[in-house]
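Please keep the sequence and the 3D view at hand while reading.

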Amino acid sequence: MRTLITLLRSQIVNRKLSNSKYHYGCKQCKSQMRKGMLEYCIMLLLHKEPAYASDIIQKLKEARLIVVEGTLYPLLTRLKNDDLLGYEWIESTQGPPRKYYRLTEKGEVFLGELEISWKELNETVNHISNS
């Protein structure tokens with residue numbers, strides 16, 4: 001992400017971007033920032049309670065962090081393969097059983113590390129922004 005921001009800044013300074021290209025660059029940068037936060041946000045949701053994938057998507061949409069199934073499922077699989085998430089099948093009154101994801105003990109520890117990193121980054125940005 002730092003490379004993208006550096007490139008974008010240099011292009012703006014050198015006035016190589018038209019307004020439409022600048023808008024695209026900002027949009028791309030925002031997309032990269034959201035991707036970086038997605039794993040953390042999913043883990044925060046699952047820290048509160050186990051959740052079905054559709055429920056995770058709905059909660060992220062409510063928070064204005066738009067994500068589609070094609071993005072969510074590979075991330076959930078990767079987190080499960082890293083033993084940060086587990087799941088259990090729960091019977092549904094509206095069809096087949098549903099897979100509910102939850103944080104594992106290792107996931108809880110990792111989430112704690114992510115929270116520390118997020119606070120440090122937030123403090124850094126706030127410090128720079130306010131100085």
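## The sheet

Strand 2 and strand 3 form a hairpin, with two residues between them. Helices (H or I, at least four residues) and strands (E, at least two) are DSSP runs, numbered from the N terminus. The model is predicted: local features need pLDDT of at least 70, side-chain atom pairs count only at pLDDT 80 or more, and totals for chains, interfaces and linings use all residues. Residues are numbered from 1 along each chain as its sequence is written, and side-chain values use heavy atoms, with hydrogens and water left out.

Two strands count as paired if DSSP finds at least two bridges between them. Strand 2 and strand 3 are antiparallel and share seven bridges. Glycine 86 lies opposite arginine 102 of strand 3, and serine 92 has glycine 95 in strand 3 as its bridge partner. Strand 1 is joined to strand 3 by two bridges, also in the antiparallel sense, and tyrosine 52 stands opposite tyrosine 100 in strand 3.

## Overall layout and confidence

The chain has five helices and three strands. From the N terminus, the order of its elements is α-α-β-α-α-β-β-α. Contact means heavy atoms within 4.5 Å. Of the contacts in the chain with a separation of 6 or more, 49% are between residues 24 or more positions apart.

The mean pLDDT (the predictor's confidence in each residue, from 0 to 100) of the chain is 84, and 81% of its residues reach 70 or more. Where is confidence lowest in the chain? The lowest mean, 51, is in helix 1 (residues 2–13), while the highest, 96, is in strand 1 (residues 51–52).

## Helix 4

The expected span of a helix is 1.5 Å times one less than its number of residues. For the 13 residues of helix 4 this gives 18 Å, which agrees with the 18 Å between its end C-alpha atoms.

Which residues of helix 4 are buried? They are Leu72, Leu75, Leu76 and Leu79. These residues cover an arc of only 105 degrees around the axis, so they lie on the same side of helix 4; the arc is that of the directions from the helix axis to the C-beta atoms. Buried means under 20% relative accessible area, exposed over 50%, and partly exposed in between (1.4 Å probe, protein chains only). On the other side of helix 4, Gly70 and Asn81 are exposed. Aspartate 83, which follows helix 4, has a positive phi, near 65 degrees.

## The nonpolar core

Buried residues make up 24% of the 131 residues in the chain. A nonpolar core is a set of buried Ala, Val, Leu, Ile, Met, Phe, Trp, Tyr and Cys residues joined through side-chain atoms within 4.5 Å. The largest such core has 23 residues, of which Ile42, Leu46, Ile56, Leu60, Leu72 and Leu76 touch the most other members. Helix 2 (19–48), helix 3 (53–62), helix 4 (69–81) and strand 3 (95–103) each supply at least two residues of this core. Helix 2 gives the largest share, seven residues.

Leaving aside neighbours within four places in sequence, leucine 76 is in contact with Ile42, Ala53, Ile56, Leu85 and Tyr101.
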